[in-house]
Amino acid sequence: MSLPILICDDSNLARKQMARSLPPGWDVEISFAKHGQEGVELIRQGKGDVVFLDLNMPVMDGYEVLEEVQKNDLPALIIVVSGDVQPEAYSRVKQLGALDFIKKPTNKAKIGEILVAYGIVESQQLLELENDLAALDKMATPVNDTLSPKIVDFRDHYQEIANVAMGRAADLLARLLDAFIVLPIPNVNILETSELHMALTSVEENEAMSAVCQGFIGSGIAGEALLLFHDSSFADMSKLMNYKGELDDNGQLEVLMDIANILIGACLKGVSDQLDVGFSQGHPVVLGQHCNIGDLINSNTSRWQKTLAIEINYTIEKHNIQCDLLLLITEDSLPTLNNKISYLFEHQ
């Protein structure tokens, strides 16, 4: 009898990657869920004896799924697969009953190791499956979804790349501040300059903020990383950073630059590592202090033309801290970026 496997992730690309990473020829029936609520329903229907679960999803996130499974004693062995690699994230999912944690992007060897470690697959069985090349065709079309070629949805690819990169940046910030970073679902749009403000859906237009921009270029890909830091966040952030100086404009600028260096540097490193490219980064530029978002964008219109905008909203749990990181990639970089992404995901 086939083992019911559930892959729960809001990214269609990530679901397919996960399915391809399972042992070839393994006798399983795979179901897919686009968010946590759908995942719980499928578990209740007996379609998730083993669940591969993302954390950052709409409707119901991975933590809420784990809580629901634990509270109702639902029959599911859950392995978390996430770009959120903060130590606190790992600790929380383990406390909520997850068997283990796999960081994105998925790794076939790690998945096989975990399946053997928890007795889901016998080591000899795994070896036989890996050697059974004829079984590859069997996994090409899992139940309830399809892995057959489709028109590539690059927005899904961009989101998954950003998901992994933002997780690495959050992990670095969490370790430095000894705090838990609440991660969102990245927002991806192709925007004209006049539409850029629409990407900042979480930013109140009447709230003052400060901004830093840093250019990057490498292997035919160029753009700018824009960090928007809410002025109301400076007090809590300076305490977490153990900043000892006076929190005047100069002090706030120092805090702003430190946060920009951490988040922009780590996020770009996460992107470059996945794409196997090296980015050269320009000097960070302060675009403004204590501005509203409308004034900030209007005064820098010449900097951005039509662009790929990836928006990430970071908040810190139990603190009044919010900042928005945008990766703005130039339009003429997209063909190169798309080629690299296509190669990356086709050969994983």
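These legends walk through a few close-up views of a predicted model. Residues are numbered from 1 along each chain as its sequence is written, and side-chain values use heavy atoms, with hydrogens and water left out. Since this model is predicted, local features need pLDDT of at least 70 and side-chain atom pairs count only at pLDDT 80 or more, while totals for chains, interfaces and linings use all residues.

**View 1**
Leu334, Leu337, Asn338, Ile341, Ser342, Leu344 and Phe345 are buried (under 20% relative accessible area; exposed is over 50%, partly exposed in between, with a 1.4 Å probe and protein chains only).

**View 1. Helix α5 from start to end.**
At the start of α5, a side-chain oxygen of Asn107 comes to within 2.9 Å of the backbone nitrogen of Ala109. Along α5, Ile111, Gly112, Ile114 and Leu115 are buried. Looking down the axis, these buried residues fall within an arc of 165°, so they line one face of α5. Ala109 and Ala117, on the other side, are exposed. Just after α5 comes Gly119, with a positive phi of about 70°.

Lys104 and Pro105 are joined by a cis peptide bond, with omega about -5°. Pro105 belongs to the loop between β5 (100-103) and α5 (108-117).

**View 2. Two loop residues with positive phi.**
Val59 isn't a glycine, yet its phi is positive, about 70°. You'll find Val59 in the loop between β3 (50-53) and α3 (62-71), exposed at a relative accessible area of 58%. Lys318 also has a positive phi, near 70°. Lys318 lies in the loop between β12 (307-316) and β13 (322-330) and is exposed, at 79%.

**View 3. A charge over a ring.**
The charged end of Arg92 sits over the ring of Phe180, 3.9 Å from its centre (this takes NZ of Lys or CZ of Arg within 6 Å of the ring centre and within 35 degrees of the ring normal).

Definitions and conventions
Helix = DSSP H or I, 4+ residues; strand = E, 2+ residues; numbered from the N terminus. Arc of directions from axis to C-beta. Polar contact = N/O pair within 3.5 Å; in protein donor to acceptor, adjacent residues only side chain to side chain.
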